[in-house]
Structure formats: C-alpha cells, structure tokens
Amino acid sequence: DVLPSPEGPVPSVSITEIRQYLRAQGIPFHDGYSCLHTPSLFTNGREDPPPPTAASAPYTLFIDKTTGSFLCTATLAEGTWQDFQANVELRHRGIPPLSSEEPEEDTQRAREDARCIWDRALPLWELLDEDETSKTKAMFGISLVTDATLKRFGVRYLRTAKSLVFPWFSPRDATLKGLKLVRVEKKGDATAYMEETLPRFDSYRNLFGLPLIGRRDTELVLTGWELDALALHQATGVASLALPRGATCLPPALLPYLEQFKRITLWLGEDLRSWEAAKLFARKLNLKRCSLVRPGDLQPRPLEALNQGLNLTKILRAALPASHKSIVSFRQLREEVFGELVNTEQVAGIKWARFPELNKLLKGHRRGELTIFTGPTGSGKTTFISEYALDLCMQGVCTLWGSFEINNVRLAKIMLTQFATQRLEDQLELYDEWADRFEDLPLYFMTFHGQQNIKTVIDTMQHAVYMYDITHVVVDNLQFMMGHEHLSVDR
C-alpha cells in the first residue's frame, strides 16, 4: 500500500478545527474516546433531508479525532474529512449526500467466494460422528469449547481444507462480508496456525463477535485471536471481540465500533510483542478506559488459560490500568521488572531468521532504537537493509520504507526477489503467486524521492504510525533525503 504522495499530502486537520467546523454548521456532537459522535448525514433516504440538528436523531456518525476520517455505522458510508465537508455543503444546497457506493469488483468477488465456502462448511457438531468432532476439536486445542459457544459465534468447519471458518457479518444488515479460515500445521513439536482471509488481509476489517454485542454492553475484552474470544466468552460471559490481524495492528476504521464501551481490557496474547501492541492500541483507544492483561506463566492467552483450568475472571480483575501516573514507585514497577528478567530473550527483541550473526551483535529488533548502517556507494547497503527489513516484516513487524535514493518499483522488485528467494524474471508464471503472498505483508512505502522537507517526511511517518501501527521505519538514505545544501546544518 502506498501512502499519500508528497505532491498532495493528506491535509492534516486538528481536533479544534473539526469542532469549530461542526459548531459553525450547527451540527451537534458528543466528545467520545477516540471519535466525535454526530447524527448521520446519510440515514434519511433520498427525500429532502432535514438538517442534522434533530435532537432525537441517533448519533451514528463517528469522526476520528486524529485523522478526521468518518464512518456512519448505520449506513457504512465512510470517507475523509474533506468528503465529510463536501457532504455537508451538498446538504445545504438540498442535495442528498452521496451514499456509499457499491463495493468494488474485487470485494464483490471475495464476498461471492466467501458465500460459496460458507455454504460448504458445516457446523462442527454436524460432522459424521462424535469421534470426528472430538478429533477436530483436539487438533485446534478447543476440546473444552462447547458446541453452544461455537454455535453462538457461528463457527463452522471446512472438511476439504481442514480449516475452521469464522464468519464476518455486516454490522448493518447481517449479510456475509467475508471469512477467515484457520488451519493447523505441525512443525516438529510446535503447532502453527495458518490463516487466510476473504477479502485479502488489508481490506479484512472483521471485529469477530460484533453482532453479539448488545447496545447496553459497556465492558469489553479485546483479544488477538478468534479462539481466544470464544474461550473468554464461555468462561466469563463478558462481551469479547477478536481483532482481524491480532497484535499486528488496530485499524482506525474499527474505532467507531468500540466507542460504546466505558471499559476495555486488552488481552492479546502471551508474549511480550502482544504486551507492546496492547500498550500501543490503548493509546489509540484512550488510555483512561483501558486495562491490560500482563502476559506471564499464570496469565497465558485466554484459550490456553481455559485449557489449563485457570480462573479467567480472576485474571481479568487483575488487569493493570493502561494510564500511568507521571511518578511511580518501584513497587508499581516490580512486576514489570520481573517480567523483563523472566523473558530476557523476548526483551532483546525480534530475532532475524536469516541473519544469526546479526542476532549476536544486535540481539534483535527493539522498538524505539535507532540503527545506522554506513558504507561506501555500491557496497550493498540497500540490498542488505531491504533483506534485513523483509526478514522482520515476514515475522509481522509493520514496516514503513522511505526510499529517497532508488524508486519504489525497483525497491519492491529487489524485495520481492529476496522474498521469493529466486529470480522471478526466469519464471514469470510464478509472479502472481509470489506477488499475492508479498501483498499480504504489513509493508508500506513512502512515495518521496530525492530531497524532501523534513517536516513533511515526519508528518507522513506519524500518519503511518497511527493508521498502520508501524513499528519499524527505514530511511534510505539520509544524505539523499537531506539534499547536499543541508550538509552544513547540524543534522
């Protein structure tokens, strides 16, 4: 995915400007946790629309406080802040606002494919016999998850692909929008879960479990995996949802659906990466209402906790508030320090799979650290760094590339070759297969080239961090970005 081009960067809008505009237009609004709530411009069919000041109108339109993007949960209309202003102008002229268009061809096709798979999949309790059912459940580690829970969440099983099927229903009219398929792969003693989504990952925005949330629910547990949401709901009865890409990212488009909750507990997984992600997501969701379950031996992920017979309600009660006071004593840090000592390997960062020697030097990739590679022209810096970044990206580290020296097409070609570990120019028939897999990586490119204004670059990076939860930024290279006339300045 390419971020907005430098010729026309996204005009950043401040929350103050948004509030001033709404007041000037006479549009009422509530201040929410991460969004402003207003009555929708889109809910009154095609007849002459009344002004959106009616006090009785439900507040179903949400405006993101950071980006100004909006989403109407009643009609699923969405767009940028500029689109919102354009719709308000249209309304003043008595023209009904532009409703959300038909889904694109790709999305439409993905929905049809999803429908075919969904129709072929069976509820787990309707397999041939109890033996097959219990074997299948054991394979996914869900022997303790009851049929009633599976039924409630609408989970099915696709025999031909040996996969569990998790549905994504539209929050508006309960039609099927997509699916996630999960299958198990044994690698020696380790069990790996392979996931596939329809539509593709970047447009798969399912908060699994959303149709089961009631209007009056005010407390929620956010998990990183569908099976964790099942285990949690079964063991505690609390409202629980699963994020579409686990601890990788929390897309801002999902924030409106989380506005109704006064308290959100994040229980994303059992490793330090999940803990780091939980802290990052809590900032997006508003720290004041968030609590975090700290990973540890007695606090594994929810499914594991259910299987071990632990008390999940007790674990939830012990969740830590996300907002730190400005001054703390060692007593408050004590558990965190112990966690760092127990998990020294994880604290050292994410290891490179392809560079064992590098792991000896740097231990791993850690957030908030700067690594500088230097070397003469032509010594292979770009080639090496693209492989180094790709290695992490393949392990789920959301990566943003700023290539100021070579253009993105050439860079992507280098990275795709490294990803496929073969020369694709000799086997063009394999191109689509590898390109599809490459497209699913959490990898983004800035579209700058040559010398740039530092502020514009920083603004683009900040926007990317909010939108895509970027945790690794590559700048190649500093000299090109700064240009030569800046060399006297203290960089």
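Biologist: Hi! What should I know about the model and its numbering before we start?
Modeller: Residues are numbered from 1 along each chain as its sequence is written. The model is predicted, so local features need pLDDT of at least 70, side-chain atom pairs count only at pLDDT 80 or more, totals for chains, interfaces and linings use all residues, and side-chain values use heavy atoms, without hydrogens or water.

Biologist: Great. Where does Arg 301 lie?
Modeller: Arg 301 is in the loop between strand S14 (290–292) and helix H8 (302–307). Helices (H or I, at least four residues) and strands (E, at least two) are DSSP runs, numbered from the N terminus.

Biologist: And which side chain does Arg 301 join in a polar contact?
Modeller: That of Asp 228, at 2.8 Å. A polar contact is a pair of N or O atoms within 3.5 Å; within protein, one must be able to donate a hydrogen and the other to accept it, and residues adjacent in sequence count only if both atoms are side-chain atoms.

Biologist: Switching topic: which residue classes line the second largest pocket?
Modeller: Its lining has 20 nonpolar, 17 polar and seven charged residues. Here Ala, Val, Leu, Ile, Met, Phe, Trp, Tyr, Cys and Pro count as nonpolar, Asp, Glu, Lys and Arg as charged, and the others, Gly among them, as polar.

Biologist: Now rings. How many aromatic pairs are there?
Modeller: The whole structure has 18. Rings of Phe, Tyr and Trp (its six-membered ring) pair if their centres lie within 6.5 Å; planes under 30 degrees apart count as stacked, over 60 as edge-to-face and the rest as tilted. Tyr 21 and Trp 81 are edge-to-face, because their planes are at 80 degrees, with centres 5.4 Å apart.

Biologist: Are those two buried or exposed?
Modeller: Both Tyr 21 and Trp 81 are buried. Buried means under 20% relative accessible area, exposed over 50%, partly exposed in between (1.4 Å probe, protein chains only).
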